[in-house]
Amino acid sequence: MNASADTETKFEEKLKTKLEKKLEAARPWLVRWMYAVVAVHLLVGLLLPWIAGLSVFDAYHHTIARAFWGDAAATADNMSATAHAQQVWWISLFGPTVQGMSLWMGALTYIGDRQRSSFAWAWLIAGVVLWAPQDMLISLRADIWIHVWIDCFAVATMLPPLVGLYLSDRKPKAFASF
């Protein structure tokens, strides 16, 4: 029984070492990916106030109007000017929120990268895990599936790299400083 436990422990240690080596090799790419995610958030945040009212988003605006005011308020050819103006305002207002969030994400990514801080990655993970289910639930309640799909895409592109970085950097340190 003791030999079996020793074999199992050795196997676990080998597996852990292989995982650590793979994560260490992938770490620079995962960090670059997170910087790209930050850049995309900043770019989208900067663009939203400028593009929210473009006609390319008319179908999106009609979908939102139907969800809140019914089919009569948003037919394929007609949409209440008030409803459209309100949506453009909300989307434009959301832009600076995304910009601010990108700066915080960028700061945590920088700290996580430079200090190899699992703490910074954990806070980014916590932010995604806190935000996504709530955002999806709110979108589902309004039957706005495009937002649910965007949220799923965001989670799928952010959470796995963040978990990899967290696992890569969670080794005990001799000392920690800020």
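Biologist: Where is the place of L46?

Modeller: L46 sits in helix α1; helices are DSSP runs of H or I with at least four residues, numbered from the N terminus. Keep in mind that this is a predicted model, where local features need pLDDT of at least 70, side-chain atom pairs count only at pLDDT 80 or more, and totals for chains, interfaces and linings use all residues. Residues are numbered from 1 along each chain as its sequence is written, and side-chain values use heavy atoms, with hydrogens and water left out.

Biologist: Which residues form the nonpolar patch on the surface?

Modeller: L42, L46, M101, L103 and W104, with about 520 Å² of accessible area together. Patch members have over 30% relative accessible area and no salt bridge, and nonpolar side chains are joined within 5 Å. A salt bridge means a Lys or Arg side-chain nitrogen within 4 Å of an Asp or Glu carboxyl oxygen. Helix α3 gives the most, three residues.

Biologist: How many aromatic pairs are there?

Modeller: Rings of Phe, Tyr and Trp (its six-membered ring) pair if their centres lie within 6.5 Å; planes under 30 degrees apart are stacked, over 60 edge-to-face, the rest tilted. The count here is three. One of them, W89 and W90, has centres 4.8 Å apart and planes at 70 degrees, so it is edge-to-face.

Terms used:
Patch = residues over 30% accessible without salt bridge, like charges linked within 9 Å, V, L, I, M, F, W, Y side chains within 5 Å. Areas by Shrake-Rupley, 256 points an atom, 1.4 Å probe, with all protein chains shown as cover. Helix = DSSP H or I, 4+ residues; strand = E, 2+ residues; numbered from the N terminus.
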